[in-house]
Amino acid sequence: MAAGDYMAVRDAIKKIIPHSSYDDGSAGPVLVRLAWHASGTYDKKSGTGGSNGSTMRYKLEASDEANNGLEYARKFLEPVKQQFPWISYADLWTLAGVVAIEYMDGPKIDWKPGRVDDVDEQYVPPNGRLPDATQGEDHIRSIFYRMGFNDQEIVALSGAHNLGRCHADRSGFEGPWVPMPTRFSNTYFKLLLRSQWHKRKNSVGVEQYNDEDNELMMLPTDMALVKDPKFRDWVEKYADDKDLFYADFAAAFGKLLELGVIRGPEGKALRQYARAKL
(Lines give C-alpha, C1' and ligand atoms only; values in the text may rest on other atoms or scores of the structure.)
Protein backbone atom coordinates (compact mmCIF):
# COMPACT_ATOMS: atom_id res chain seq x y z
CA MET A 1 0.00 0.00 0.00
CA ALA A 2 1.17 3.52 -0.76
CA ALA A 3 2.40 5.55 2.19
CA GLY A 4 -0.21 8.03 3.24
CA ASP A 5 -3.23 5.97 2.14
CA TYR A 6 -5.23 6.54 5.31
CA MET A 7 -8.44 5.28 3.76
CA ALA A 8 -6.77 1.88 3.35
CA VAL A 9 -5.74 2.02 7.02
CA ARG A 10 -9.31 2.87 8.01
CA ASP A 11 -10.60 -0.12 6.05
CA ALA A 12 -8.07 -2.41 7.74
CA ILE A 13 -9.11 -1.15 11.17
CA LYS A 14 -12.77 -1.80 10.40
CA LYS A 15 -11.95 -5.41 9.57
CA ILE A 16 -10.48 -6.10 13.03
CA ILE A 17 -13.39 -4.60 15.00
CA PRO A 18 -15.68 -7.65 14.84
CA HIS A 19 -14.04 -10.04 17.31
CA SER A 20 -16.06 -13.04 18.39
CA SER A 21 -13.76 -14.03 21.25
CA TYR A 22 -13.55 -10.56 22.84
CA ASP A 23 -16.04 -8.49 24.87
CA ASP A 24 -19.52 -8.56 23.38
CA GLY A 25 -18.02 -9.68 20.06
CA SER A 26 -16.27 -6.38 19.37
CA ALA A 27 -12.83 -4.80 19.73
CA GLY A 28 -14.37 -1.39 19.08
CA PRO A 29 -14.79 -0.15 22.66
CA VAL A 30 -11.25 -1.08 23.73
CA LEU A 31 -9.85 0.71 20.66
CA VAL A 32 -11.71 3.85 21.76
CA ARG A 33 -10.27 3.44 25.25
CA LEU A 34 -6.75 3.12 23.84
CA ALA A 35 -7.09 6.37 21.90
CA TRP A 36 -8.56 8.04 25.01
CA HIS A 37 -5.86 6.90 27.42
CA ALA A 38 -3.02 7.55 24.99
CA SER A 39 -4.19 11.17 24.78
CA GLY A 40 -5.48 11.82 28.29
CA THR A 41 -2.06 12.11 29.94
CA TYR A 42 -1.67 15.67 28.67
CA ASP A 43 -0.75 18.50 31.04
CA LYS A 44 -1.33 21.93 29.52
CA LYS A 45 1.01 23.74 31.94
CA SER A 46 4.08 21.68 31.11
CA GLY A 47 3.06 20.61 27.61
CA THR A 48 3.90 17.01 28.48
CA GLY A 49 1.92 13.88 27.71
CA GLY A 50 -0.77 13.56 25.08
CA SER A 51 -1.22 11.49 21.95
CA ASN A 52 2.07 12.37 20.27
CA GLY A 53 4.90 9.92 20.88
CA SER A 54 2.77 6.80 21.56
CA THR A 55 4.57 6.46 24.88
CA MET A 56 2.29 3.65 26.08
CA ARG A 57 4.60 1.39 24.07
CA TYR A 58 6.96 1.68 27.03
CA LYS A 59 6.55 -0.25 30.25
CA LEU A 60 6.34 2.78 32.54
CA GLU A 61 3.14 4.05 30.96
CA ALA A 62 1.74 0.66 29.97
CA SER A 63 1.99 -0.46 33.60
CA ASP A 64 -0.15 2.41 34.93
CA GLU A 65 -3.11 0.63 36.56
CA ALA A 66 -5.49 2.85 34.58
CA ASN A 67 -4.17 1.19 31.41
CA ASN A 68 -4.85 -2.39 32.48
CA GLY A 69 -6.34 -4.32 29.57
CA LEU A 70 -5.11 -1.98 26.86
CA GLU A 71 -2.52 -4.53 25.86
CA TYR A 72 -5.42 -6.21 24.04
CA ALA A 73 -6.11 -3.10 21.97
CA ARG A 74 -2.46 -2.68 21.09
CA LYS A 75 -2.26 -6.35 20.11
CA PHE A 76 -5.39 -6.12 17.96
CA LEU A 77 -3.83 -3.23 16.03
CA GLU A 78 -0.43 -4.82 15.49
CA PRO A 79 -1.44 -6.60 12.23
CA VAL A 80 -2.60 -3.23 10.88
CA LYS A 81 0.74 -1.69 11.81
CA GLN A 82 2.56 -4.53 10.06
CA GLN A 83 0.41 -4.04 6.96
CA PHE A 84 1.10 -0.29 6.95
CA PRO A 85 4.56 0.16 8.50
CA TRP A 86 4.70 3.80 7.42
CA ILE A 87 1.99 4.91 9.87
CA SER A 88 3.17 5.89 13.35
CA TYR A 89 1.68 4.10 16.34
CA ALA A 90 0.55 7.51 17.61
CA ASP A 91 -1.49 8.05 14.46
CA LEU A 92 -2.70 4.45 14.33
CA TRP A 93 -3.99 4.42 17.90
CA THR A 94 -5.87 7.71 17.56
CA LEU A 95 -7.25 6.86 14.12
CA ALA A 96 -8.44 3.49 15.44
CA GLY A 97 -10.50 5.28 18.10
CA VAL A 98 -12.10 7.52 15.49
CA VAL A 99 -12.85 4.62 13.13
CA ALA A 100 -14.28 2.51 15.96
CA ILE A 101 -16.66 5.24 17.08
CA GLU A 102 -17.93 5.75 13.54
CA TYR A 103 -18.20 1.96 13.03
CA MET A 104 -20.36 1.70 16.15
CA ASP A 105 -22.84 4.31 14.86
CA GLY A 106 -21.14 7.26 16.51
CA PRO A 107 -20.40 10.67 15.01
CA LYS A 108 -17.73 11.43 12.44
CA ILE A 109 -14.71 12.92 14.21
CA ASP A 110 -12.11 15.15 12.60
CA TRP A 111 -8.69 13.51 12.63
CA LYS A 112 -5.37 14.66 11.21
CA PRO A 113 -2.24 12.52 10.74
CA GLY A 114 1.32 13.60 11.45
CA ARG A 115 2.04 12.31 14.96
CA VAL A 116 5.44 10.77 15.51
CA ASP A 117 6.64 7.95 17.77
CA ASP A 118 9.18 8.51 20.51
CA VAL A 119 12.27 6.34 20.23
CA ASP A 120 12.87 5.96 23.98
CA GLU A 121 11.23 6.52 27.38
CA GLN A 122 12.50 10.07 27.81
CA TYR A 123 9.08 11.69 27.39
CA VAL A 124 6.87 9.14 29.11
CA PRO A 125 4.52 11.18 31.34
CA PRO A 126 4.18 10.35 35.03
CA ASN A 127 1.63 7.72 35.99
CA GLY A 128 -1.51 8.86 37.76
CA ARG A 129 -2.72 11.44 35.24
CA LEU A 130 -5.78 9.47 34.13
CA PRO A 131 -9.09 9.58 36.02
CA ASP A 132 -9.58 7.51 39.17
CA ALA A 133 -13.09 6.06 38.90
CA THR A 134 -13.49 5.85 42.68
CA GLN A 135 -13.44 9.65 43.03
CA GLY A 136 -15.97 12.48 42.78
CA GLU A 137 -16.50 15.76 41.00
CA ASP A 138 -13.47 17.59 42.43
CA HIS A 139 -11.16 14.89 41.13
CA ILE A 140 -12.86 14.82 37.74
CA ARG A 141 -12.41 18.56 37.33
CA SER A 142 -8.78 18.49 38.42
CA ILE A 143 -7.99 15.81 35.83
CA PHE A 144 -9.86 17.36 32.92
CA TYR A 145 -9.06 20.99 33.69
CA ARG A 146 -5.39 19.98 33.65
CA MET A 147 -5.89 18.92 30.04
CA GLY A 148 -7.77 22.10 29.15
CA PHE A 149 -11.38 20.90 29.12
CA ASN A 150 -14.41 22.65 30.61
CA ASP A 151 -17.47 21.18 32.37
CA GLN A 152 -19.46 20.74 29.16
CA GLU A 153 -16.60 18.89 27.48
CA ILE A 154 -16.10 16.70 30.57
CA VAL A 155 -19.69 15.49 30.40
CA ALA A 156 -19.55 15.03 26.62
CA LEU A 157 -16.41 12.90 26.87
CA SER A 158 -17.97 10.87 29.67
CA GLY A 159 -20.49 9.76 27.06
CA ALA A 160 -17.85 7.32 25.84
CA HIS A 161 -19.24 5.11 28.61
CA ASN A 162 -21.98 4.24 26.14
CA LEU A 163 -19.34 1.78 24.94
CA GLY A 164 -17.68 -1.22 26.53
CA ARG A 165 -17.65 -2.69 29.99
CA CYS A 166 -15.50 -2.86 33.11
CA HIS A 167 -13.59 -5.96 34.21
CA ALA A 168 -12.94 -6.91 37.83
CA ASP A 169 -9.45 -8.18 36.99
CA ARG A 170 -8.47 -4.86 35.37
CA SER A 171 -10.14 -1.90 37.04
CA GLY A 172 -11.81 -3.67 39.95
CA PHE A 173 -15.22 -2.68 38.59
CA GLU A 174 -17.36 -5.03 36.54
CA GLY A 175 -20.19 -4.87 34.05
CA PRO A 176 -21.45 -2.69 31.19
CA TRP A 177 -22.94 0.78 31.53
CA VAL A 178 -25.64 0.22 28.91
CA PRO A 179 -27.54 -2.77 27.46
CA MET A 180 -25.89 -2.44 24.02
CA PRO A 181 -22.22 -1.64 24.76
CA THR A 182 -21.06 -1.94 21.15
CA ARG A 183 -23.38 0.76 19.81
CA PHE A 184 -22.71 4.45 20.37
CA SER A 185 -25.72 6.41 21.64
CA ASN A 186 -26.88 8.77 24.38
CA THR A 187 -28.36 5.90 26.42
CA TYR A 188 -25.73 6.37 29.13
CA PHE A 189 -27.12 9.80 30.00
CA LYS A 190 -30.73 8.59 29.95
CA LEU A 191 -29.89 5.74 32.32
CA LEU A 192 -27.97 8.00 34.67
CA LEU A 193 -31.08 10.11 35.14
CA ARG A 194 -33.91 7.60 34.87
CA SER A 195 -32.68 4.37 36.46
CA GLN A 196 -32.46 3.63 40.17
CA TRP A 197 -28.82 3.10 41.12
CA HIS A 198 -27.80 1.29 44.28
CA LYS A 199 -24.35 1.27 45.83
CA ARG A 200 -23.17 -2.32 46.14
CA LYS A 201 -19.96 -4.27 46.47
CA ASN A 202 -19.19 -6.34 43.42
CA SER A 203 -17.67 -9.83 43.26
CA VAL A 204 -14.22 -8.55 44.25
CA GLY A 205 -15.47 -6.29 47.02
CA VAL A 206 -15.26 -2.97 45.17
CA GLU A 207 -18.09 -0.49 45.63
CA GLN A 208 -19.94 0.48 42.47
CA TYR A 209 -23.52 1.35 41.54
CA ASN A 210 -25.85 -1.23 40.02
CA ASP A 211 -29.35 -1.02 38.62
CA GLU A 212 -32.35 -2.86 40.10
CA ASP A 213 -31.64 -5.99 38.07
CA ASN A 214 -27.92 -5.94 38.83
CA GLU A 215 -27.19 -6.08 35.10
CA LEU A 216 -25.81 -2.58 34.49
CA MET A 217 -23.39 -0.50 36.51
CA MET A 218 -22.15 3.02 37.05
CA LEU A 219 -18.89 4.21 38.57
CA PRO A 220 -18.60 6.76 41.37
CA THR A 221 -17.32 9.22 38.77
CA ASP A 222 -20.46 8.61 36.69
CA MET A 223 -22.72 9.31 39.63
CA ALA A 224 -20.81 12.52 40.30
CA LEU A 225 -22.15 13.83 36.99
CA VAL A 226 -25.72 13.77 38.29
CA LYS A 227 -24.87 14.92 41.81
CA ASP A 228 -23.02 18.05 40.69
CA PRO A 229 -25.50 20.70 39.42
CA LYS A 230 -23.27 22.04 36.64
CA PHE A 231 -22.47 18.59 35.34
CA ARG A 232 -26.09 17.46 35.69
CA ASP A 233 -27.30 20.29 33.49
CA TRP A 234 -25.28 18.85 30.61
CA VAL A 235 -26.30 15.28 31.41
CA GLU A 236 -29.93 16.37 31.04
CA LYS A 237 -29.23 18.17 27.78
CA TYR A 238 -27.49 15.14 26.28
CA ALA A 239 -30.16 12.73 27.50
CA ASP A 240 -32.79 14.81 25.70
CA ASP A 241 -30.86 15.69 22.54
CA LYS A 242 -28.84 12.98 20.82
CA ASP A 243 -27.73 15.28 18.01
CA LEU A 244 -26.36 17.83 20.46
CA PHE A 245 -24.45 15.10 22.29
CA TYR A 246 -23.00 13.71 19.07
CA ALA A 247 -21.84 17.14 17.94
CA ASP A 248 -20.31 18.02 21.29
CA PHE A 249 -18.70 14.61 21.70
CA ALA A 250 -17.14 14.77 18.25
CA ALA A 251 -15.67 18.19 19.01
CA ALA A 252 -14.35 17.19 22.44
CA PHE A 253 -12.95 13.84 21.30
CA GLY A 254 -11.26 15.47 18.33
CA LYS A 255 -9.70 17.99 20.72
CA LEU A 256 -8.59 15.18 23.03
CA LEU A 257 -6.73 13.41 20.22
CA GLU A 258 -4.79 16.59 19.40
CA LEU A 259 -3.49 17.10 22.94
CA GLY A 260 0.30 17.28 23.01
CA VAL A 261 0.56 17.66 19.25
CA ILE A 262 2.47 20.73 18.07
CA ARG A 263 2.40 20.78 14.29
CA GLY A 264 5.11 22.16 12.07
CA PRO A 265 5.44 22.33 8.29
CA GLU A 266 2.96 20.15 6.39
CA GLY A 267 1.20 19.26 9.64
CA LYS A 268 3.88 16.92 10.96
CA ALA A 269 4.18 16.90 14.74
CA LEU A 270 7.47 18.24 16.04
CA ARG A 271 8.18 16.14 19.10
CA GLN A 272 11.72 17.16 19.93
CA TYR A 273 11.01 20.79 19.06
CA ALA A 274 8.05 20.85 21.39
CA ARG A 275 10.09 19.50 24.29
CA ALA A 276 13.02 21.81 23.63
CA LYS A 277 10.71 24.80 24.06
CA LEU A 278 9.58 23.81 27.57
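Two strands are taken to pair if DSSP finds at least two bridges between them, and strands (E, at least two residues) and helices (H or I, at least four residues) are DSSP runs numbered from the N terminus. The structure is a predicted model, in which local features need pLDDT of at least 70 and side-chain atom pairs count only at pLDDT 80 or more, whereas totals for chains, interfaces and linings use all residues. Residues are numbered from 1 along each chain as its sequence is written, and side-chain values use heavy atoms, with hydrogens and water left out.

An open sheet of three strands is present in the order β3-β4-β5, with antiparallel pairing. Strands β3 (198-201) and β5 (217-218) stand at its edges, each with a single partner strand, so one side of each is left without a neighbour in the sheet. Strand β4 (residues 207-210) pairs with β5 over two bridges, and Tyr209 stands opposite Met218 in β5.

Met218 is also among the residues with the most contacts inside the largest nonpolar core, which has 81 residues; such a core is a set of buried Ala, Val, Leu, Ile, Met, Phe, Trp, Tyr and Cys residues joined through side-chain atoms within 4.5 Å. Helix α5 (residues 89-103) gives the most to this core, with nine residues. Phe253, likewise listed among the residues with the most contacts in the core, touches (heavy atoms within 4.5 Å) Val32, Ala35 and Trp36, among others, not counting residues up to four places away in sequence.

Val32, Ala35 and Trp36 are buried residues of α2, buried meaning under 20% relative accessible area with a 1.4 Å probe and protein chains only. In α2, 11 of the 12 residues are buried, so this helix is largely enclosed by the rest of the structure.

Technical notes: Buried means under 20% relative accessible area, exposed over 50%, partly exposed in between (1.4 Å probe, protein chains only).
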